[in-house]
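Subject: Structure handover

Hello,

Here is the structure for you to look over. My notes follow below it.

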Amino acid sequence: MSTAQSPPGTGFCRDCLADTGFGALRCGHCGSPRLVRNPDLAKLTLAHVDCDAFYAAVEKRDNPALADKPVIIGGGKRGVVATACYIARTYGVHSAMPMFKALAACPHAVVIAPDMAKYVAVGHDIREAMLALTPLVEPLSIDEAFLDLAGTTSVHGMIPAKVLARFAQRIEREIGITVSVGLSCNKFLAKIASDLDKPRGFTALGQDDAIPLLADKPVGFIFGVGPATAQRLMQRGYRSVADLQRANEIDLLRQFQGEGRRLWQLARGIDHRPVVPERAARTISSETTFETDIRDQAHLEKILWQLAEKTSARLKDSQLAGSTITLKLKTADFHLRSRSHSLGAPTQLAAKIFAVCREMLAKEADGTAFRLIGAGVSALHPAHAEDIPDLLDQRSARAEQAIDVLRRKFGDSAVIRGIAYKGPEKP
């Protein structure tokens with residue numbers, strides 16, 4: 001097989017960054033099989049970087065004895081899987097799976113409770129490394145982000161693909177976890193590319209790769225197409241992405257209005273969304289899963305108050321206030337109930353969050369057994385003094401501010417509000 005050099009910038013080795021030919025199976029310089037090739041490689045500048053099994057990877061990094069063991073990050077038997085390492089995934093364990101099912105599938109797994117403070121710190125280090133490549137970093141979560149490296153070749157002295165390969169090496173060497181990189185011409189294809197070769201992957205997709213790659217995928221594969229939209233599409237004869245590729249754009253517009261144009265474009269790998277450097281938090285919330293189902297409204301209210309305080313503290317720490325309050329409930333049979341109420345003015349007060357959630361809870365607490373409850377605030381913006389509009393709320397604000405001061409000085413248990421107080425254990 002020919003190992004002739006391909007045109008500059010169309011193929012290289014991920015380990016030594018040397019240029020390689022299209023026909024090569026290994027790098028001619030270092031012998032590595034980890035090669036990246038695409039005819040448009042030098043033109044591709046938009047990437048999706050995703051940490052591999054992030055929480056589990058951090059735990060394995062910190063405890064080498066776990067390296068060859070199936071690891072599940074999650075709560076007790078009543079909780080759900082936050083992350084499963086790739087060994088555990090071979091047993092069918094996946095994120096959001098109920099823990100009892102995960103442990104039935106992989107009973108010898110090592111289960112570790114999430115350590116969010118540690119994961120956030122590691123995520124921050126990775127984010128800083130991303131920002132050293134380009135200011136155009138759009139975080140999607142603690143462990144993934146889009147990056148736009150257009151115009152950075154002269155800065156780094158190499159094409160974006162090599163910059164990203166060097167970045168992946170740095171993360172593995174300095175932080176001790178691995179990432180997968182998807183490089184393309186837009187967000188949609190970059191996200192697809194990062195999923196194609198996990199873990200420790202690097203895939204480059206050009207615009208010309210889109211139509212054949214997407215053709216055999218179900219319509220639900222397209223970004224933003226949920227179960228309801230997929231059902232509507234299938235009812236009208238669009239089962240695969242190829243069906244959408246064959247469709248006339250005008251016909252899709254007539255059937256689905258503005259959504260029709262988006263479907264027509266994405267089916268062809270066309271996506272004009274820019275990378276937005278700062279993604280403001282859309283919701284701040286707290287939730288908990290119970291060890292045993294709870295039916296009693298008074299018991300649920302005590303837990304709800306604690307969650308309202310946690311949510312309020314996060315809002316205050318972020319200097320945010322919100323005008324939509326949401327109560328989240330999950331029944332014993334995993335049915336999710338989400339109820340929201342919009343306020344006349346934004347708030348960050350625990351008392352207000354709790355009061356609104358308690359009213360919504362009263363309508364749901366009809367004897368149903370619940371396994372999870374949560375309280376959240378959305379429609380967020382920077383908090384201002386005018387976010388406390390009336391006298392009653394002003395008094396609550398002053399009381400909460402006093403409690404916050406005491407807790408910062410003496411700890412969270414220094415002051416316990418009445419509804420949260422459990423009292424001493426009975427003999």
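Two strands count as paired here if DSSP finds at least two bridges between them. Strand S7 (residues 137–141) passes that test with S8: four bridges join them, and they run antiparallel. Bear in mind that this is a predicted model.

**Strand S8**

S7 and S8 make a hairpin, with two residues between them. Within this pair, glutamate 138 stands opposite phenylalanine 146 of S8. S8 also pairs with strand S3 (residues 46–51), through five bridges. That pairing is antiparallel too. Here glutamate 144 in S8 is the bridge partner of aspartate 50.

Is S8 buried or exposed? Five of the five residues in S8 (residues 144–148) are buried, so the strand is largely enclosed by the rest of the structure. Both of its faces are covered. Glu144, Phe146 and Asp148 lie on one side, Ala145 and Leu147 on the other.

**Nonpolar cores**

In soluble globular proteins, nonpolar side chains tend to be buried together. The largest nonpolar core in this model has 55 residues. Phe54, Ile126, Leu164, Phe167 and Ile177 touch the most other members. Helix H6 (residues 160–175) supplies the largest share of this core, eight residues.

What does leucine 164 touch, leaving aside residues up to four places away in sequence? Its contacts are Ala47, Val49, Leu133, Leu149, Val181, Leu183 and Phe202.

A second core is separate and holds 28 residues. Phe290, Ile303, Ile353 and Leu361 are among them.

Best wishes

Conventions:
Residues numbered from 1 in each chain as written. Predicted model: local features only at pLDDT ≥ 70, side-chain atom pairs only at ≥ 80, totals over all residues. Heavy atoms only, no water. Core = buried A, V, L, I, M, F, W, Y, C linked by side-chain atoms within 4.5 Å. Buried < 20%, exposed > 50% of the residue type's maximum accessible area, 1.4 Å probe, protein only. Contact = heavy atoms within 4.5 Å.
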